[in-house]
Amino acid sequence: MEVLLGNRPVFASTDLDEVRDEVARIFCPHRLDLTGAASLLSARFNSIRLGSVRISYLDYGADVRIEPGDLGTFFLVLIPLAGRSLIRSGSQEVVSTPTTAALPSPTQYLDMRWAAGTPKLIVKFERTAVERSLEQMLGEPLDRPVVFDLGMDLTAGWTRAWRAMADLIVHEAEHDDGLTAQPLAVAHLENALLTSLLTMQPSNYRERLAAPRPPVLPKVVRRALEFIEQHAHLPITTEDVARAVAVSGRSLQEGFRVHVGRTPMAQLREVRLTKVHEELAAGDPARHTVTSVAARWGFLHQGRFAALYRQKYGRHPSETLRRG
């Protein structure tokens, strides 16, 4: 089994106390017991933090029981790369395998048993970031803690796309000059991971998220358009735009649908596409590349970017750079 994030090591150890302490340093204090052969313990932990998201690879090698209790300040998505584990969170319980991730919530008591040979990809979200994003989407304060359904079906369409984004972060983090070195790219991936969880994974707020919201007025949309134009160089999200014009994210989305015909993030993409075009037209082919310019403006997938560019400007981006 391939070890992920090999260039981002935190520790490797066969000492139970050291393993417990090092994992606690990144996550939280917890009980860690061996439940099988002690000789199998050969833990490896690699990790990288990007904004409010941390991506980690953790393998104990042995059968272990992990009891953190309440996580308190963060959410986790636990994705087994092989093997199986039993996850109990509050009143929920799930057998987690490579097709079923677990999503324990911070206010639910967590107790886990990982079988030997169950390395995991772990995505950690800060609780404050999750709650702030949800409040902006709802346009009102939360009246109770967020609790997700524990099981996360990785064979569903949206979860396959979600996992692909997490895998992209891992792949790029394994290269020091990858997309994770680009602030706009990092913000885009972080926001996409978080908002898709909030809108697609069942939770105690899902019904309120699905309830219809009235669209904002045209003058608010105009202010939002101006904000997007002026801040396109920054890692802004729909929630940032909504906050700037004092509306909820969902009302802003509906206002853009009615009055602009596209989402706020689609509008941001159009503005950034224009900025890329301007840089390519003024660029020196000996000093600039299409890839570097596109990445600087948050375009992560070169094939998709080239198709968008051809659709808008009728030529390949490299042609603009050469002519410029």
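Helices here are DSSP runs of H or I, at least four residues, numbered from the N terminus. Before going on: this is a predicted model, where local features need pLDDT of at least 70, side-chain atom pairs count only at pLDDT 80 or more, and totals for chains, interfaces and linings use all residues. Residues are numbered from 1 along each chain as its sequence is written, and side-chain values use heavy atoms, with hydrogens and water left out.

Back to α8, residues 249-259. Which residues are buried there? G249, R250, S251, L252, G255 and F256, where buried means under 20% relative accessible area, exposed over 50% and partly exposed in between, with a 1.4 Å probe and protein chains only. Those buried residues pack against α2, α5, α6, α7 and α9.

E229 pairs with K275, closest N and O atoms 3.7 Å apart. E229 sits in α6 and K275 in α9, so this pair ties together parts 46 residues apart in sequence.

Next, K312 bridges to E270 at 3.2 Å between the closest N and O atoms. That one ties α11 to α9, across 42 residues of sequence. K312 is partly exposed at 37%, and E270 is partly exposed at 21%.

Then E279 meets R296, 2.6 Å from N to O, linking α9 with α10.

And elsewhere? R31, D33, R65, E67, D111 and R113 form a salt-bridge network. The whole structure has 19 salt bridges.

Note on methods:
Helix = DSSP H or I, 4+ residues; strand = E, 2+ residues; numbered from the N terminus. Contact = heavy atoms within 4.5 Å. Salt bridge = Lys/Arg side-chain N within 4 Å of Asp/Glu carboxyl O.
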